Amino acid sequence: MLPLWGAIQLESGDADAPLPYWAFAWGGGLAVAHYLREHPEAVTGRRVFDLASGSGLVAIAAMNAGASTVTAADIDPFAAVAIGLNARANGHRITVLARDVLDEAPPDADVVLAGDCWYEAGLADRVLPWLQRVRAAGIDVLVGDPGRRYLPAASLVEIATYEVRTTTELEDLAHKTGHVYTVRVP
Ligand SMILES: C[S@@+](CC[C@H](N)C(=O)[O-])C[C@H]1O[C@@H](n2cnc3c(N)ncnc32)[C@H](O)[C@@H]1O
């Protein structure tokens, strides 16, 4: 990850450019993707919103599972480009929002997906309240997580577990246990 990050800083002239999270398939997203392959009915024919989309892995898995539309959101402009390119490479069209939606009302969607959002405190503090508002609006929520430090376990209900292959460029181990949860209605 570090050589790529250096290249982005150089190319963009931005020493504060975010880490290239979009260049990897994270354990949480992989768990959601596994779940959608096993349970396509969770999204088939439904409008899906993928929060913190990164590479677009989860968004693409939703399209593969038959979602009617997928909108993906990520604050990193490089991620926004990567999602579009990865979607196209997989034969899909995905609407991309390159902005922070966590202070906005729940999206116009039937299902919200979120892979690996609890890796840092600032984001973690904002994701759960937003997902709870989404649930309260009657929208289904599926999140994936490989045991990150800030996971709000008491507010989640586990529905599936998968062994996922990540990379030691990111993680301490090349294999992780990824969990899929729904969010309790507050
Ligand atoms: C660990 S990556 C997970 C990517 C993908 N969901 C996966 O599982 O492979 C977290 C992503 O969250 C994005 N992110 C961070 N804060 C965000 C926010 N407020 N709104 C949307 N995306 C955000 C980052 O840019 C990054 O792409």
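Reader: In which sense do strand E1 and strand E2 pair, and over how many bridges?

Author: In this predicted model, E1 (residues 47–51) and E2 (residues 69–73) pair in the parallel sense, over 5 bridges.

Reader: What makes E2 and strand E3 a pair?

Author: The two strands run parallel and are joined by 3 bridges, against a requirement of at least two. Val96 in E3 is the bridge partner of Ala72.

Reader: Why is the ring pair of Tyr21 and Trp26 called tilted?

Author: The planes of Tyr21 and Trp26 stand at 50 degrees, with the ring centres 5.5 Å apart. Stacked needs under 30 degrees and edge-to-face over 60, so the pair is tilted.

Reader: Why is the pair of Phe24 and Trp26 described as edge-to-face?

Author: Their planes are at 75 degrees, which is over 60, so the term edge-to-face applies. The centres of these two rings are 6.5 Å apart. Ring pairs link Phe24 and Trp26 with Tyr21 and Tyr119 into a cluster.

Reader: Why does Trp26 count as buried?

Author: The relative accessibility of Trp26 is 17%, and buried means under 20%, so the residue qualifies. Tyr21, at 28%, is partly exposed.

How values were computed:
Residues numbered from 1 in each chain as written. Predicted model: local features only at pLDDT ≥ 70, side-chain atom pairs only at ≥ 80, totals over all residues. Heavy atoms only, no water. Phe/Tyr/Trp six-rings, centres within 6.5 Å; stacked < 30°, edge-to-face > 60°. Buried < 20%, exposed > 50% of the residue type's maximum accessible area, 1.4 Å probe, protein only. Helix = DSSP H or I, 4+ residues; strand = E, 2+ residues; numbered from the N terminus.
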